[in-house]
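User: I have a model open on my screen and would like to understand the words used to describe it. Could you take me through them?

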Amino acid sequence: MSNGKALVYTQEKCTGCRSCVVGCSLYHDGECGKVVSRVAVVRNERFGESFVVGCDMCTDAPCAAVCPTGACAMDTAAGITKINAEKCIGCKECAMACPFGVINMHYKTGKAFKCDLCEGRDAGPVCADWCPSGAISYTSPNIALKAKRRAKLMERLEAAKAGEEG
Amino acid sequence: MYGWSGKRLRVNLTTGEIKHEPLSYEYRRKWIGGRGMNSEVIYNEVPPNLDPLDPEARVCFGVGPISGTAAPASGRVTVSCKSPLTGGFGDSNMGGHWGAELKYAGYDQIIVQGKAKKPVYLWIDDDKVEIRDAAHVWGKFPREADQMIKQELGDEDIHIVLIGPAGENLVRFACTFNDVYRAAGRTGHGAVIGSKNLKGIAVRGSGTVKIARPKEFFDVCNRLRQTFKNDPMRKFLYEIGSLSLINVAVHDGWIGANNFQQGAHPDAHFMSGEEHSTTVLKHREGCFSCPICCGRFTEIKEGPYAGEYGGGPEYEHSVPTGPRVGVFEPNAIWHNMILTNNYGMDGIECGGTIATAMEWYQRGLITTKDTGGLELEWGNQEVVSKLIGMMAMREGFGDILADGASRAADRLGLGDEGHKYTMSTRGMTMPGDDPRGLGFAYGTGFAIGTRGGCDHLRALPSLELSGFMYPGLNTKIIGDERPVKPTTIVGKGYCTFYEENQKAMTDCLNVCCFTTHWSFAVLTADQVEYFNAVTGMDITEEEFMVIGERIVNLERAYWSRMLSGKREDTIPERYVKEPMPQGVPDQTNVGMTFPIQKTLPGYYKYRDYDLETGFPSERRLKMLGLDYVAKDLAPLRAKYNTDAEKKKKKYYY
C-alpha cells in the first residue's frame, strides 16, 4: 500500500448529518439531494446509529471487473476508478457488483455514476472537508493504520500507569 | 423552479380529499416558506374564536426554499396551529431529516384539516399520497410506531413525523416528533394532530432541490463550513451539547430551580454537559446538513434506570424536568427526558406544570386531597416520574395538569394566587432561563413572544449572550457594542427588535438558529447570499429583514384580533419583584430583578406598535403590505381599551 490518500471512514464518529451527501451532490451536479450523491448515510433513528458509506477505491474493483463496455475502469495515473458516461450503457452491473452499494444510476441520464474523489479540488473531497465530526477523512490509509496501532500501545501504557497509581 | 418546490399539499381528513396547490411567485416572495407561509395560513384560515381542537382547525408543516440543500443546518420543519395550550397563535420547529425528505418529495408545505373517522397516518411517496389505517400504531410510543410503519411500508430509509400517546389523549402541550427524537416541542400542536385522528406523516422523496446559481451557492456554503470549523460556539455545542450551558447557568444564576425560587443550585453541576459526556453519552447526533451536531444520544448504564436509552438531552428539555422540580440526580433527569419523549410531551411545559403544582403544594394552595395522595415535595422524583405518565394518559391529578399550568389553576379554583406561580405569559410557561441576570433583551423577548409569551426562541437575542465571544459583532450588526452586556438597558430595544426579525427569517428559511443566533458563524448577509444563490432572486439585506418584520407583525396581529395587547406584554411577577437569592458562592446575579417596564418602551419604538393598545400600528402594517390585517384590527383598537376589556384577566385564550 502506498502513501497515496484515500477516504477513510470512522463509523463510530458519524453523526448522520448528511453534510457529506449535500456537499457531494451540490459539487458534482449543481443540485442537492440524496439521489445524486456519491456518498450515502444509513441511519437507524430508534437506536441512534448512523453509518456512512462511500467508495473505497478497491484495488481489484468489482465494478470495473463486471463492466461490459470498459466505461468503468481504473485510471491508474490518478488511482481513481471512474465511469466514463459516454461509454456507459446504463446496465447497472457495476451498481449491483459494488460490495458497499455506493454506485447509483443518475435520474436524468440513466447512467451509472460514482465517487471521483472530487478530482482536481485543491482542498480534497468535499465529503471529508465538510464532515463536522471527522467520520470521513481524506488521508493515507497507511498513516491511519499506524495511528490505529499506536492507539493500542497508548492504551497499554495508560493501563500500566493507572495500575502504578492505583 | 429553483429552491422552492412550488406546491403545497392540502389534506382534508374528513372528506379524504387530497389537493396539490401551486404557490405563486408573489406568494413565495412575500412569505418565503416555513414559518412565514404557515403563519399566513393560520392567520387567514383559522378564525380567532375557533376551538384549536375543532376539526376545522388547521395544522401546517412548512419547509423553506433552502431546506434540503447544502446550506448549514437546513433540515428544519415548522409546525404551526392555533395553540390548544394558549388558545393563540402557535408554532414550533424541529430538526431531523424529515424536512429535507419532504422537500425531495416535492412539497413546500402540508396543510392538514378535518378529522378522520378512525386513526390514520399519511403516506407521501413523491406525488403519490395515501391516507392509511393507523389502528395498529395508535397508542404506541413514537419509537415503536416509527419502526412498525417503516416495516409495513418496506423501506427503513423513509422519515416519519409522529405524535405519542399524549397527543392522542389531547394533552394540551403534546408535541410532534420526527426521526423518533427530534421534537417540535412547544405550543401543543401534538394535541391538534391527535384531535384529527392523525398519528403521523411518513415521507419518501426521490427528487432534488434545484439551485439557480450552483457555483456561487457552493462557494458560500464552503466558506461557511470552513468558518464553522473554528467557530468558538460550535466547539462547545459539538463537544458537550447545549448542556454546556448548565455550568454557565449555575454561575450566572438563571437555571430556575424550584420553579424559579432559586437561580443557582450547587447540585446542578452534576447534570452539566461535561458530566454527561463522560458518563451516559452514547454518541453525538446531527440533524440534516448540520455543521454543528449538538444532538446527543443517551444510554443510562447504572442505577434504577439502567438500560433506558433515547435521543437527548438538551438544555431546555432537561432543566424544567430537573432543577425546576427540584430533581438534581442526573440519571433521574435523563429518565424524565426519555419518558416525556416516549409519551410525546413538551418537556418544558410538562416540567413547568409539575413545578407549578409543587409550588401550590408548598404554599398550601393544594393538598394531598387535590392531588389524589401524591406528595408534591420538591425533588420527589418518584412523584415526578409518576405524574409524567399520569399527565400523558390523563389519569387522576394528571388529567388536570394535562391542560397546562394556567388552565389547571382555574380547574382547581386557585384564583389569582394560583396564577401567580404558573410562571407563564399568555398561557405558556417559561423555558429554563431566568431573565434576572440572564439578559434584558432576552427577558423582553419573553414578554412579547408571538407564540405565547415567555418564549426564548422567538427573539433569541443572543447578541447579548454569546455576543462576547465575537468581539465587534454588536457594533457590526446594530452599530453599538454596549448591548453586549446582558444586564444593561442600553440598546436592548433595538437588539430585541433586530433579533426577532432575524429569527423569523431563519425560521422561514428553516435553518437552525444555532447557526445564526447562538453561534454567529452565519450572519444575515450570508443568509441573503445563499438565499439569492439558491432561488435566483436578488433581494437585499434590508428587503430580507422587512419580510421578517412582516411575519412578526402578522403573528402579533393574530393575538391582537383576540384582544391581547400591551397589558398582556408581561412577565411573571417573580422576576420583577423578587430579588435573586444567593444559591452558590460565586453567583453573579444576586439581588437582581428584571426591569421589564424599562426595556419594553424601547422595543415598542422600533416595532412601531400602537402605544395605547400594543397592536401593530396601521401605518406599519400598510408599509409591510398587510392592508387586510390593518382593516381587521381597525374596529378592535377602541374595543381593547374599553373598561370592560381592561378589567378582564387573560391568562389564556
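**Reading the terms**

Analyst: Happy to! Let's start with B:M390, which is found in helix α16 (residues 381-392) of chain B; helices are DSSP runs of H or I with at least four residues, strands are runs of E with at least two, and both are numbered from the N terminus. This is a predicted model, where local features need pLDDT of at least 70, side-chain atom pairs count only at pLDDT 80 or more, and totals for chains, interfaces and linings use all residues. Residues are numbered from 1 along each chain as its sequence is written, while chains are lettered from A and ligands numbered from 1 in the order in which they are written.

User: Why is B:M390 called buried?

Analyst: A residue is buried if 20 or more other C-beta atoms lie within 10 Å of its own, exposed if 12 or fewer, and partly exposed in between, with C-beta atoms placed from the backbone. B:M390 has 20 such atoms within 10 Å, so it counts as buried. In chain B, buried residues make up 64% of the 653 residues.

User: Which residues does B:M390 touch, leaving aside those up to four places away in sequence?

Analyst: They are B:E395, B:G396, B:F397 and B:G398. Two residues are in contact if their C-beta atoms, placed from the backbone, lie within 7 Å. By contrast, B:M390 and B:A135 are 23 Å apart, C-alpha to C-alpha, and 255 residues apart in sequence.

User: Why are β2 (17-22) and β5 (89-94) of chain B said to stand at the edges?

Analyst: Two strands pair if DSSP finds at least two bridges between them. In chain B, 6 strands form an open sheet with mixed pairing, in the order β2-β1-β6-β3-β4-β5. β2(B) and β5(B) each have a single partner strand, so one side of each is left without a neighbour in the sheet.

User: How do you know that strand β4 (residues 77-82) of chain B and β5(B) pair?

Analyst: They share 6 bridges in the antiparallel sense, and the definition asks for at least two, so they pair. Within this pair, B:V77 stands opposite B:M94 of β5(B).

User: What joins β2(A) to strand β13 (residues 209-210) of chain B?

Analyst: There are 2 bridges, and the strands run antiparallel. At least two bridges are required, so this counts as a pair. A:E31 stands opposite B:K210 in β13(B).

User: How many residues does each chain bring to the contact?

Analyst: Chain A brings 24 residues and chain B brings 36. On the side of chain A that touches chain B, α1(A) gives the most, with 6 residues.
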